[in-house]
Amino acid sequence: MAGLAVTVNGIATECPQGFSVDQLLVHLELPPDRVAVERNRRIVRRDQRAHMSVEDGDSFEIVTFVGGG
């Protein structure tokens, strides 16, 4: 299985081919329920992530929500 070249928060990385956005988050050890994801400068809604395939050359910005006061 060949890997895909993607960029995550400005860092070039690789992920397995056939991954969904949710699978990418798990692969990156990020909590899918506590992040906001932008793919190629477009916000990805949480309900779209499981069905949206990661493509070679995609660029992601991922922000983790942190609680506190």
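Modeller: A nonpolar core is a set of buried Ala, Val, Leu, Ile, Met, Phe, Trp, Tyr and Cys residues joined through side-chain atoms within 4.5 Å; buried means under 20% relative accessible area (1.4 Å probe, protein chains only). This is a predicted model, in which local features need pLDDT of at least 70, side-chain atom pairs count only at pLDDT 80 or more, and totals for chains, interfaces and linings use all residues. Residues are numbered from 1 along each chain as its sequence is written, and side-chain values use heavy atoms, without hydrogens or water.

Colleague: Which residues of the largest nonpolar core touch the most other members?

Modeller: In soluble globular proteins, nonpolar side chains tend to be buried together. Here the largest core has 14 residues, and Cys15, Leu24, Val37, Val54, Phe60 and Ile62 touch the most other members. At least two residues of this core come from each of strand 1 (3-8), helix 1, strand 3 (35-39) and strand 5 (59-64). Helices (H or I, at least four residues) and strands (E, at least two) are DSSP runs, numbered from the N terminus.

Colleague: With which residues is Val54 in contact, leaving aside its neighbours within four places in sequence?

Modeller: Contact means heavy atoms within 4.5 Å. On that basis, Val54 is in contact with Leu4, Val6, Cys15, Phe19, Ser20, Val21, Leu24 and Phe60.

Colleague: Is Ser20 buried or exposed?

Modeller: Ser20 has a relative accessible area of 9%, so this residue is buried. Ser20 lies in the loop between strand 2 (11-16) and helix 1 (21-27). Beyond its neighbours within four places in sequence, Ser20 is in contact with Arg49, Ala50, Met52, Ser53 and Val54.

Note on methods
Buried means under 20% relative accessible area, exposed over 50%, partly exposed in between (1.4 Å probe, protein chains only).
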